[in-house]
Amino acid sequence: MEIAPALIVLPVLWATRRRFQPTNLALALIFVHGLVLIVGGAYTYARVPIGIDVESWLGLSRNPYDRFGHLMQGFVPAIVLRELLIELGGMPPGRLLTTLVLACCLAVSASYELIEFAAAMALGQGANEFLGAQGDAWNTQWDMLTCLIGTVFAVVLLSRFHDRRLDQQFALRSAE
């Protein structure tokens, strides 16, 4: 379940390559997010070695790799969704675009948490026993908040840079 988004994105990018050509920024972020998902899925998020090291170095009570994964769950899709809405949806950059990106990323995060809940219940596991929660009763809320923070960071830190990349890509396509 943890690596499903990475496995879905590659065929979708391939199938839509003529209609939608992501910027290099979006592709690089998708690649990095895919690595985060694959590493988390390979070890389970609570047992990722770099997370265990960070937990030890900072004296944390849990492996922070799960939080990093949820930060990326907001950061990367924010740029990709922003690009889709501008390029395919014709939506201009601005407050409405930003609001829609924030809302959609948070909705995806909430949906993912509901899927995790359903899987835990179907497998007979309660929330406390679910490995990803690491004993944190507020794990679901923290996951959604961390996703939202990642989305805000992406929009605040990368929107202007992203707009320039989109303008360059549009100019290149127009010149062809």
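Start by selecting Tyr45, Tyr65 and Phe68, which ring pairs link into a cluster. Rings of Phe, Tyr and Trp (its six-membered ring) pair if their centres lie within 6.5 Å; planes under 30 degrees apart count as stacked, over 60 as edge-to-face and the rest as tilted. This is a predicted model, in which local features need pLDDT of at least 70 and side-chain atom pairs count only at pLDDT 80 or more, while totals for chains, interfaces and linings use all residues. Residues are numbered from 1 along each chain as its sequence is written, and side-chain values use heavy atoms, with hydrogens and water left out.

**Stop 1: the ring cluster**

How many aromatic pairs does a search of the whole structure find? The search finds two. A pair of aromatic rings is described by the distance of the centres and the angle of the planes.

Pick Tyr45 and Tyr65 for one of the pairs: the rings are tilted, 5.7 Å centre to centre, with 35° between the planes. Tyr45 sits in the loop between α2 (24-43) and α3 (49-58), and Tyr65 belongs to helix α4 (residues 65-87), so this pair ties together parts that are 20 residues apart in sequence. Helices (H or I, at least four residues) and strands (E, at least two) are DSSP runs, numbered from the N terminus.

Tyr65 and Phe68 are three residues apart in helix α4, so about one helical turn separates them.

Tyr45 is buried at 11%, and Tyr65 is buried with a relative accessible area of 9%. Buried here means under 20% relative accessible area, exposed over 50%, and partly exposed in between (1.4 Å probe, protein chains only).

**Stop 2: Thr44**

Step back to Thr44, in the loop between α2 and α3. Check its backbone: phi is positive, about 70°, although Thr44 is not a glycine. At 24% relative accessibility, Thr44 counts as partly exposed.

**Stop 3: Gly51**

Next, select Gly51 in helix α3. Gly51 is buried, at 3% relative accessibility. Which residues does Gly51 contact, leaving aside its neighbours within four places in sequence? They are Asn63, Pro64 and Tyr65, where contact means heavy atoms within 4.5 Å. Tyr65 brings you back to the ring cluster with Tyr45 and Phe68.

For a distance across the model, draw a line from the C-alpha atom of Gly51 to that of Trp138: 19 Å separates the two, which are 87 residues apart along the chain.

**Stop 4: Pro93**

Move on to Pro93, in the loop between α4 and α5 (95-122). Pro93 is partly exposed, at 45% relative accessibility. Not counting residues up to four places away in sequence, Pro93 touches Arg82, Ile86 and Asp163.

**Last stop: the whole chain**

Clear the selection and zoom out. The chain has six helices and zero strands, in the order α-α-α-α-α-α along the sequence. Its radius of gyration is 18 Å, close to the 16 Å that the globule rule gives for 176 residues, so the chain is as compact as a globular protein of that length. That radius is taken over C-alpha atoms, and the globule rule is 2.2 Å times the number of residues to the power 0.38. Turn the model along its principal axes and the C-alpha trace spans about 55 × 30 × 30 Å.

Colour by accessibility, and buried residues make up 35% of the 176 residues. Among contacts between residues at least 6 apart in sequence, 72% join residues at least 24 apart.
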